[in-house]
Amino acid sequence: MLKQTLTLVLALFAFLQVSAQTVSVTSPNGGQTFYSGKNYNITWSSSGASSFVKLEFSTDNGSNWSLIADGINNNGSYSWLIPDNASENCLVRVSDFSNSAISDVSDATFTIKQPFITITSPNGGETFEGCSQQTITWISGGVNSYAKILYSTDGGLIWTPITDIYVGSGGNHSYNWSVPTYNTGNFKIRIVDYYDESISDVTDAVFSVTRPASYLTLTSPNGGESWSSSSVKTITWTTTGTVGNVSLKYSTDNGASWDWIRNSEGAAANNIPNTGSYQWLLPGSQAATSCLVQIYEYAKSCTIDMSNSLFLIDNNPAITVTAPDGGERWFVDRNYTIRWSASNLPSNYVAIDYSTDNGATWNEITSSQGNYGSYNWTIPDNVSSQCLVRVKARDNAAISDISGTNFSILQPFIRLTSPNGGEVIAGCSNYEVAWQQEGIQDYVRILYSVNGGNNWTYLTDVYTGSGTSGSYNWTVPAVATDKFRVKVQSYYNAAVNDSSDANFTVS
């Protein structure tokens, strides 16, 4: 009897000792949703257990268990990288490493899901007008903090970035999108986890974008061009309807990032007049094979058009004459600016020539000029309609460019049209002196004669700028004679003049 009592006491003591050793799972303890590839903390509390524990998980409500970690410190927390085991019947078990009987399991199941992004709008079939504001919406879970939004105009073959956006860890999201004006029914939207592009979604079907009533069409560069770095090239576009000031940007990475188009003075092409063309100084020493240009109306800040396909920027040596480039009328003894762009020359000097016979022979303007892109030229007395200018590298004449087509060198002239002879004008009346002119600089001088042009009396100087006509309201002197004449002459070159063809009468 005593022996039986002792056995019972020892068994009770052992039971009480085990009962004092406990482990209790506190998280995940049921109802949570965890995403594969993310880290979450398993937490537990313990009393009287050993210094180490074993962690396991089940995806079938406890029928089978897989090891998470074995023999880790019993410090109450463990960062668990969620495995790729999607299930709604998951449990975690924490066990004393020395005695697996001391353990605990999540009170209820939790869920493991794959991270996801689901676009909800636009999702196919919609029709939007270009340059309108539309809302892109989507749902996500298990994603990183940032996402990339892109669009395609060809059903998903090529993607163009819209923006990068902060999304936190998931939930409902939206972005106010300024729709570009591509007239196509093959638009799609794609949203991608910024750090893991395997997590993404694309609209289920294509949607349409129609052009607004007013829009721009980029004509150059429109794809396939090869333009030299540091050269000046002309961007051109057409306008349909009424479009205000425009802005221009370029990309060298197929639209992933954009920079301002700039001119030779370094000014950004932002809010510039909608003239249909712009002189672009290409970036220096920058070769790229994936270049695009985009144009948009400044007031609406949406892309109205973009190069249809990629063009190249190369580092080959090149010179491009931009003025005179054909059709100009330049006048003897006047100053005009020769302009060019050049890139990757053997030295920073150029030589400049001109021809008056369509390039058959050449005359030197300067043999060594700093490559500053401009030169102030005083036009020689070589009248011709077949003129060209050539700019070449001083140290390698093979690197050169010539005006696109002929320009003209002309003599400046003034042609008096009234009074030109035979008129009868009352003294003390007001009379309009009128003339035609070309190549005249800023001012003309008007004189009159009362003796048929033997002597001339100064009347006035008139500012005409560089216009092609002029007039002056003359108070006719009360000198009765039939030998009046009027003369108009260039202020800076009296040899350029014209006077009345014949006498007129003042009564």
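**Reading a predicted model**

Me: At 1% relative accessible area, is S449 buried or exposed?
Reply: Please note at the outset that this is a predicted model. Buried means under 20% relative accessible area. S449, with a relative accessible area of 1%, is therefore buried. The residue is found in strand 40, which covers residues 442-449.

Me: Which polar partners does the side chain of S449 have?
Reply: The side chain of S449 makes a polar contact with the side chain of N451, at 2.7 Å. If neighbours within four places in sequence are left aside, S449 is in contact with N454, N455, W456, K483, F484 and R485.

Me: How many residues does the largest nonpolar core have, and which of them have the most contacts inside it?
Reply: A nonpolar core joins buried residues such as Val, Leu and Ile through their side-chain atoms. Here the largest core has 25 residues, and those with the most contacts inside it are I235, W237, L248, I261, W280 and V293. Several strands give two or more residues to this core, including strand 19 (215-220), strand 21 (232-240) and strand 22 (246-251). Strand 25 supplies the largest share, four residues. Apart from this core lies another, of 23 residues, among them I319, Y336, W340 and V350.

Me: Where is L248 placed, and which residues does L248 touch?
Reply: L248 belongs to strand 22 and counts as buried because its relative accessibility is 0%. Not counting residues up to four places away in sequence, L248 touches I235, W237, W260, I261, A269, I272, Y278, Q294 and I295. One of these, A269, is 21 residues from L248 in sequence, while their C-alpha atoms are 5.5 Å apart in space.

Me: How many salt bridges does the structure hold?
Reply: Side chains of opposite charge can pair when their charged atoms come close. The structure holds eight salt bridges. In one of them, E438 pairs with R329, the closest N and O atoms being 2.6 Å apart. This pair links distant parts of the chain, for E438 is in strand 39 and R329 in strand 29, 109 residues apart. E438 counts as buried at 18% relative accessibility, whereas R329 counts as partly exposed at 43%.

Me: Which side chain meets D353 in a salt bridge, at 3.2 Å from N to O?
Reply: The partner of D353 is K392. D353 lies in strand 31 and K392 in strand 34, so the pair ties together parts that are 39 residues apart in sequence. Both D353 and K392 are buried. D353, R390 and K392 are linked in a network of salt bridges.

Me: What does the salt bridge of R445 and D461 tie together?
Reply: The side chains of R445 and D461 meet at 2.7 Å, N to O. R445 lies in strand 40 and D461 in strand 41, so their pair ties together parts 16 residues apart in sequence. At 26% relative accessibility, R445 counts as partly exposed; D461 is partly exposed as well, with a relative accessible area of 26%.

Me: Which residues form a nonpolar patch on the surface?
Reply: Y146, Y166, Y194 and Y195 form such a patch, with about 490 Å² of accessible area together. Y194 lies in the loop between strand 16 and strand 17, and counts as partly exposed at 37% relative accessibility.

Methods. Residues are numbered from 1 along each chain as its sequence is written. This is a predicted model: local features need pLDDT of at least 70, side-chain atom pairs count only at pLDDT 80 or more; totals for chains, interfaces and linings use all residues. Side-chain values use heavy atoms; hydrogens and water are left out. Patches are made of residues with over 30% relative accessible area and no salt bridge: like charges are joined within 9 Å, nonpolar side chains (Val, Leu, Ile, Met, Phe, Trp, Tyr) within 5 Å. Accessible areas come from the Shrake-Rupley method with a 1.4 Å probe; for residues, only the protein chains shown count as cover. A salt bridge is a side-chain nitrogen of Lys or Arg within 4 Å of a carboxyl oxygen of Asp or Glu. Buried means under 20% relative accessible area, exposed over 50%, partly exposed in between (1.4 Å probe, protein chains only). A polar contact is a pair of N or O atoms within 3.5 Å; within protein, one must be able to donate a hydrogen and the other to accept it, and residues adjacent in sequence count only if both atoms are side-chain atoms. Contact means heavy atoms within 4.5 Å. A nonpolar core is a set of buried Ala, Val, Leu, Ile, Met, Phe, Trp, Tyr and Cys residues joined through side-chain atoms within 4.5 Å.
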